[in-house]
Amino acid sequence: MEVIIDDRDERAGVKFKDADLIGIPLRIVVGSKNLAQGQVELKIRRSGESSLYAIGKVVAQVRKTIAAEMSAAD
């Protein structure tokens with residue numbers, strides 16, 4: 001698994017647009033509002049699906065999503 005952290009001093013929309021242009025397949029958004037609730041947002045680029053996950057469970061969900069994408073490609 002390869003991770004890119006976009007910590008540039010840019011607006012979120014600029015970062016999201018750049019991630020889409022590069023073709024980043026999964027995006028985890030760590031924002032202050034969701035973080036206060038112990039959650040992060042996971043967005044799947046291919047389907048456009050976006051869901052909130054507990055911080056401690058998002059890595060497992062990412063692995064599950066990657067496995068599902070890989071088996072669908074076979």
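Visitor: Helices are DSSP runs of H or I with at least four residues, strands are runs of E with at least two, and both are numbered from the N terminus. In which helix is Lys15 found?

Guide: Lys15 belongs to helix α1, residues 12-22. This is a predicted model, in which local features need pLDDT of at least 70 and side-chain atom pairs count only at pLDDT 80 or more, while totals for chains, interfaces and linings use all residues. Residues are numbered from 1 along each chain as its sequence is written, and side-chain values use heavy atoms, with hydrogens and water left out.

Visitor: Lys15, buried or exposed?

Guide: Lys15 is buried, where buried means under 20% relative accessible area, exposed means over 50%, and partly exposed lies in between (1.4 Å probe, protein chains only). Lys15 has no salt bridge, a salt bridge being a side-chain nitrogen of Lys or Arg within 4 Å of a carboxyl oxygen of Asp or Glu.

Visitor: What is the nearest side chain of opposite charge to Lys15?

Guide: Asp6, at 4.5 Å. Lys and Arg count as positive and Asp and Glu as negative, with His and the chain ends not counted. Setting aside neighbours within four places in sequence, Lys15 is in contact with Asp6, Asp7, Arg8 and Glu10; contact means heavy atoms within 4.5 Å.

Visitor: And which residue does Asp6 form a salt bridge with?

Guide: Arg8, with the closest N and O atoms 2.8 Å apart. Asp6 is partly exposed at a relative accessible area of 30%, and Arg8 is partly exposed at 36%. Asp6 and Arg8 also belong to a network of salt bridges that includes Asp18.

Visitor: How many salt bridges does the structure hold?

Guide: Four. One of them joins Asp20 and Arg45, at 3.9 Å from N to O. That pair links distant parts of the chain, with Asp20 in helix α1 and Arg45 in the loop between β2 (39-44) and β3 (50-54), 25 residues apart.

Visitor: Which residue does Arg46 meet in a salt bridge?

Guide: Glu69, at 2.9 Å from N to O. Arg46 is in the loop between β2 and β3 and Glu69 in helix α3 (residues 58-73), 23 residues apart. Arg46 is exposed at 70% relative accessibility, whereas Glu69 is partly exposed at 30%.

Visitor: Changing topic: which residues make up the largest nonpolar core?

Guide: Six residues: Leu26, Val40, Leu42, Ile44, Val58 and Val62. A nonpolar core is a set of buried Ala, Val, Leu, Ile, Met, Phe, Trp, Tyr and Cys residues joined through side-chain atoms within 4.5 Å. Strand β2 gives the most to this core, three residues. Beyond four places in sequence, Val40 touches residues including Ile28, Val30, Leu52, Tyr53 and Val58.

Visitor: What sits over the ring of Phe16?

Guide: The charged end of Arg27, 3.9 Å from the ring centre. The rule asks for NZ of Lys or CZ of Arg within 6 Å of the ring centre and within 35 degrees of the ring normal.

Visitor: Last one: in what order do the elements run?

Guide: From the N terminus, α-β-α-β-β-α, which comes to three helices and three strands. Buried residues make up 16% of the 74 residues in the protein chain. The C-alpha trace spans about 40 × 30 × 20 Å along its principal axes.
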